[in-house]
Amino acid sequence: MIKVCFFADLRERLGCAELFVQDFSGENINQLKTFIVKQHPHWEKIFLEKKLLIAVNHAMASNDTAIVAGDEVAFFPPVTGG
Amino acid sequence: MSNVVRVQMENFDLNKEYNRLITKNSTCGAVLLFSGLVRDFIPPQQLVSLELEHYPLMTETMLENLSMQASVRWELQRTTIIHRTGKLLPGDQIVLVGVSSAHRTDAFEAAQFIMDKLKTSAPFWKKETLKPNPDSKPESYWVSAKDSDEQLARRW
């Protein structure tokens, strides 16, 4: 199982703060995105946005970052703190 | 070396943070405190409030990493990073970066480095509620990231 979190604008547009992905057999973020989009086809356009940032276990990651069961993955827009 | 990182809803006290940064052995020659405030717009546009969302645990991890990176790069004695979350009003303190060192150049550069990197890498997001003019209804928007902030972060 992989925990997936969404933040800020992205969370609101998806109407979802977190989901738990079961039976994922892929190896990286790109494959996870494809897997999620298959289950939520209307999210496809949002997931293809170039500006979306990715974190794996609280560290910045990219589309080819490897993931395994038990990981926490987060998707979010560019940050605007400070 | 002592680094403090806090992500909190409560306000912070500049005097208290200043005193914490000073080391007791008198080798401290420079204390630098940067405090960022919630800024209102130019009238007639008016900021009603600001809501700050963050990614718990990742924020703390990222800020601790920034303190560590700064401590490796400059000769620092103590550092403090405080970032507030939740609802804030115009004029409220939102962020604090404090650095102490023997010499001022280390303090100035390290604090600027921390702020520049914080703005582009720490997972905080601002949502503004504003009135385009005094008679209009309040509207909420997520703040967009600025290219100018990216450019400032890239200089380090």
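Modeller: Quick ground rule before we start on this predicted model: a helix here is a DSSP run of H or I with at least four residues, a strand is a run of E with at least two, and numbering starts at the N terminus. On that basis, chain A reads β-α-β-α-α-β-β-β along the sequence, giving 3 helices and 5 strands.

Biologist: And what pattern does chain B follow along the sequence?

Modeller: Chain B goes β-α-β-β-α-β-β-β-α-β-β-α, so by those DSSP runs the tally comes to 4 helices and 8 strands.

Biologist: How do you know what radius of gyration to expect for chain A as a compact globule?

Modeller: The rule is 2.2 Å times the number of residues to the power 0.38. With 82 residues that lands near 12 Å, and chain A has 12 Å, so the value agrees with a compact globule. The C-alpha atoms of chain A fill a box of roughly 35 × 25 × 20 Å along the principal axes.

Biologist: What makes a residue count as buried, and what share of each chain is that?

Modeller: You need 20 or more other C-beta atoms within 10 Å of the residue's own. In chain A, 28% of the 82 residues are buried; in chain B, it's 29% of 156. The C-alpha trace of chain B spans about 55 × 30 × 30 Å along its principal axes.

Biologist: In chain B, what makes β7 and β8 a pair?

Modeller: Pairing takes at least two DSSP bridges. Strand β7 (residues 124-131) of chain B has 4 bridges to β8(B), running antiparallel, so the two strands qualify as a pair. One of the bridges has Thr129(B) partnered with Ser140(B) in β8(B).

Biologist: Which sheet do those strands sit in, then?

Modeller: An open one of 4 strands in chain B, ordered β5-β3-β7-β8, with antiparallel pairing. Its edge strands are β5 (86-88) and β8 (139-142) of chain B, since each pairs on one side only. Neighbouring strands in this sheet are turned by 25 degrees against each other on average, ignoring direction.

Biologist: What makes residues count as touching across the two chains, and how many does each chain bring?

Modeller: C-beta atoms within 7 Å make a contact. Chain A brings 13 residues and chain B brings 21. On the chain A side, α1 (8-14) and β5 (72-76) each supply at least two. That side divides into 8 nonpolar, 4 polar and 1 charged.

Technical notes. Residues are numbered from 1 along each chain as its sequence is written. Chains are lettered from A and ligands numbered from 1 in the order in which they are written. This is a predicted model: local features need pLDDT of at least 70, side-chain atom pairs count only at pLDDT 80 or more; totals for chains, interfaces and linings use all residues. Ala, Val, Leu, Ile, Met, Phe, Trp, Tyr, Cys and Pro count as nonpolar, Asp, Glu, Lys and Arg as charged, and the others, Gly among them, as polar. Axes are lines fitted to C-alpha atoms, for helices over the stretch in contact, and angles run from 0 to 180 degrees between N-to-C directions. A residue is buried if 20 or more other C-beta atoms lie within 10 Å of its own, exposed if 12 or fewer, and partly exposed in between; C-beta atoms are placed from the backbone.
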